[in-house]
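Please keep the sequence and the 3D view open while reading.

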Amino acid sequence: MRTALALGRRGQGQVWPNPAVGCVIVRDGRVLGRGWTQPGGRPHAEAVALARAGAAARGATAFVTLEPCAHHGLTPPCAQALAAAGVARVVAPLTDTDPRVAGLGFETLRRAGVQVTTGVLAGEAARDHAGFFLRVEQGRPLVTLKLAASLDGRIATATGESRWITGLEARRLVHAMRARHDAVMVGAGTARADDPSLTVRGLGIVRQPVRLVVSRRLDLPLMGQLARTAREVPVWLCHGTDADPALVETWQGLGARLFPCSVAGGQLDPLAVLHALGQAGLTRVFCEGGGALAASLLAGDLVDELAVFSAGLALGAEGRPGLGALGLERLAEAPRFELHEATRVGGDALHLWRRAI
């Protein structure tokens, strides 16, 4: 199952709105076929593994990282395909919460005489599929918030200089993190100040993540990198319903996809933004700031994972903070996370935090 989970992770960021599933077909200790969900979501992991195993799949055991699908979509149900191939046993950690499946895959297998075992490495599988489950159950994608800051929590000097606080190794790892998410998201201030490309570079990635900007008024550079390349790599803009219609039309003409969202407290409602993105199919979003957007997500209890890169320098109180105001009066009101991993990355430190349960 660990091998199947590792295979499934290869599809993260590439298969939305589908889950990134892995599958290994084994008999007598020998791997007969393996697969993972392919870019765009098709074919599914089970279909790839079965094709590689061929006739040898009969009587074998299939380890799959999520309940095989039971509904007819662009391809036949994987549960039926496994049964038709003569697989004797299917091992899966979790039931799919998608109402089109939700136990029907396991039921299909059992009716066909296939032995079903569940619960194996369920916790690890739940983490891998968290974005898919959040979209199905809550209508929003998983959010990973990335912060790169000095030792005293500053992301730029008082003049706005920020390149580069962290080193080359950390920046390369950020590109790998981007590649494992469906979209990379920033706020309007970051888009204006940095003119970022928000692409994955240096890793041979062909299918780029969606590039997202949250901007109530759409006051973004019309000659910037995002505008110039919107027809080459997807650009999605979440804006207020009160945005200038002329700017809406201009960005649409440049090739961007626009999402009108409700406004709360003078800024875009972060939950409304995430619901719009979930409805569009996204399961995993990598947020790279800036401070106001990060604070709104934290204040709304919408950050699921936190990746904090700390560099060995101090910028002082006049430097720009990594987070905007949260309006907290008591420690009990502060968002809490549990430390999952601490790693040295070149000359910097990376702390990975997860939502406290």
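This is a predicted model: local features need pLDDT of at least 70, side-chain atom pairs count only at pLDDT 80 or more; totals for chains, interfaces and linings use all residues.

Two strands pair if DSSP finds at least two bridges between them.

**The protein as a whole**

- The protein has 12 helices and 18 strands.
- Its radius of gyration is 22 Å, close to the 21 Å that the globule rule gives for 357 residues, so the protein is as compact as a globular protein of that length.
- Along the principal axes, the C-alpha atoms fill a box of roughly 65 × 45 × 40 Å.
- Of the 357 residues, 50% count as buried.
- The protein exposes about 16,300 Å², and carbon and sulfur atoms supply 53% of this area.
- Taking contacts between residues at least 6 apart in sequence, 71% join residues that are at least 24 apart.

- Strand S6 and strand S15 (residues 305-310) run parallel and are joined by six bridges.
- Within this pairing, Leu145 stands opposite Leu306 in S15.

**Ala148 and Thr166**

- Ala148 has its place in strand S6 (residues 142-149).
- Leaving out residues up to four places away in sequence, Ala148 touches Arg154, Ile155, Ile165, Thr166 and Phe309.
- Ala148 and Glu288 are 140 residues apart in sequence, while their C-alpha atoms are 8.7 Å apart in space.
- Thr166 sits in the loop between strand S7 (154-156) and helix H7 (168-179).
- Is Thr166 buried or exposed? Its relative accessibility is 10%, and the cut-off for buried is under 20%, so Thr166 counts as buried.
- Thr166 touches Ala148, Arg171, Phe309, Ala311 and Asp348, not counting residues up to four places away in sequence.

**Helix H6**

- Helix H6 covers residues 130-138, and its buried residues are Gly131, Phe132, Phe133 and Leu134.
- The cover over these buried residues includes helix H5 (122-128), strand S6 and strand S14 (284-287).
- After H6 comes Gly139, which has a positive phi, near 80°.

- Strands of a sheet pair through backbone hydrogen bonds, either parallel or antiparallel.
- S1 and S3 pair in the antiparallel sense over four bridges, and Val24 stands opposite Phe63 in S3.
- S3 and S4 run parallel and are joined by three bridges; here the bridge partner of Phe63 is Val91 in S4.
- S4 (residues 89-92) and S5 pair in the parallel sense over four bridges, with Arg89 opposite Gln115 in S5.

**Nonpolar cores**

- Which residues touch the most other members of the largest nonpolar core? They are Ile25, Val87, Val90 and Leu109, in a core of 35 residues.
- Leu109 is in contact with Pro68, Ala79, Leu82, Ala83, Val90, Val114 and Val116, leaving aside its neighbours within four places in sequence.
- Another core, of 31 residues, lies apart from the largest one and has among its members Val143, Phe259, Leu293 and Phe337.

Notes:
Residues are numbered from 1 along each chain as its sequence is written. Side-chain values use heavy atoms; hydrogens and water are left out. Helices (H or I, at least four residues) and strands (E, at least two) are DSSP runs, numbered from the N terminus. A nonpolar core is a set of buried Ala, Val, Leu, Ile, Met, Phe, Trp, Tyr and Cys residues joined through side-chain atoms within 4.5 Å. Buried means under 20% relative accessible area, exposed over 50%, partly exposed in between (1.4 Å probe, protein chains only). Contact means heavy atoms within 4.5 Å. The radius of gyration is taken over C-alpha atoms; the globule rule is 2.2 Å times the number of residues to the power 0.38. Accessible areas come from the Shrake-Rupley method with a 1.4 Å probe; for residues, only the protein chains shown count as cover.
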